[in-house]
Structures are given as C-alpha cells and as structure tokens.
Amino acid sequence: MATKREYLIDLNLAKPGRGRFSRAALDALAKAESEGVVFDEPVVVGKVAAPASSDASDRKSPGFGYKPEPGGIRPVRPPQIRIRDISAMYATDADGRELMFQTCRGCGYHVSFCTCVNIGLPFGATALLDKTDPLGV
Ligand SMILES: [Zn+2]
C-alpha cells in the first residue's frame, strides 16, 4: 500500500512534498482506515532512528553532561573528608628555599583533603618540611 500522502495525491486531496493535510484529506484518511486500509510508513529523510533502548535503567553511571529525569534523584557527590587540620604545608627546593604549598601534586586536592600516602610535593621541591599552617591562616 502507498503512504497516506501518496493515497491522498491519487485522490487529488494533497500535494507531493511536505505540509499539513486538509480537513477533507484527514476525513478521507479516517474513512479509508475505517475500511481496513493500511498505509505504509513515510520514509523520513535526514533523521536517525532513536536507539532501540533509551530506557533510563540502561544508562551507565552519570557523568559529565548527565541530566536527571524530571523529578528524578540526582547523584550525590561523595563528601570531602578533611584529613589534616592545616591550610598549607612547606617544603624546600634544591637551593634550600622554603616553598609553601596548599595543593597535593599527586592528587590535585588541597593538602587538608589529600589522602595520598606520600603527599605530592610542588614542582622543584626536594624535601617536605615539618612545618604547616593551621586552618584559618
Ligand atoms: Zn594527594
């Protein structure tokens, strides 16, 4: 069987191409379908069929760009746990100069939240000093 548009073109109720059907054309379609006429699906050019499974339960873990379903539950970021009550640490470089740093070079977190076994010293630092700044400094 033809598509709905091809059927209506044969009845001179529609034009080839795109556009809405007239009331008379829609009535003719309803009449034909009530008489058992089955139309072909129109061929849509330039559109990609939706993936077979767009079910939300098939999704992987939420990542960048994740948008929760309306009314859904957003994933919760794990809480940051302060490991050290300090605001800065100190190290020395090869020339003996003192370097203050606040970010672990190993994990990129602030030194008070870093959980590395050996804290990542800043670039050029050679040794960690036993000197820290308390929180609030
Ligand atoms: Zn770290």
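This is a predicted model: local features need pLDDT of at least 70, side-chain atom pairs count only at pLDDT 80 or more; totals for chains, interfaces and linings use all residues.
Which residue in S2 is the bridge partner of Tyr90?

Strand S1 covers residues 86–93, and S1 and S2 pair in the antiparallel sense over four bridges. Within that pairing, the bridge partner of Tyr90 is Met100 in S2, while Ala91 has Leu99 in S2 as its bridge partner. The two strands form a hairpin with four residues between them, and in this hairpin Gly96 takes a positive phi, near 85 degrees.

If we now step back to the whole sheet, we find an open sheet of three strands in the order S2-S1-S3, with antiparallel pairing. S2 and S3 are the edge strands, each of them pairing on one side only. On average, and with direction ignored, neighbouring strands of this sheet are turned by 30 degrees against each other.

Is Thr115 buried or exposed? Thr115 is exposed, because there are 11 other C-beta atoms within 10 Å, and a residue counts as exposed if that number is 12 or fewer. As for its position relative to the rest of the chain, Thr115 and Ile83 are 32 residues apart in sequence, and their C-alpha atoms are 6.9 Å apart in space.

To return to the opening question, then, the residue to look for in S2 when you follow Tyr90 across its bridge is Met100.

Technical notes: Residues are numbered from 1 along each chain as its sequence is written. A residue is buried if 20 or more other C-beta atoms lie within 10 Å of its own, exposed if 12 or fewer, and partly exposed in between; C-beta atoms are placed from the backbone. Two strands pair if DSSP finds at least two bridges between them. Axes are lines fitted to C-alpha atoms, for helices over the stretch in contact, and angles run from 0 to 180 degrees between N-to-C directions.
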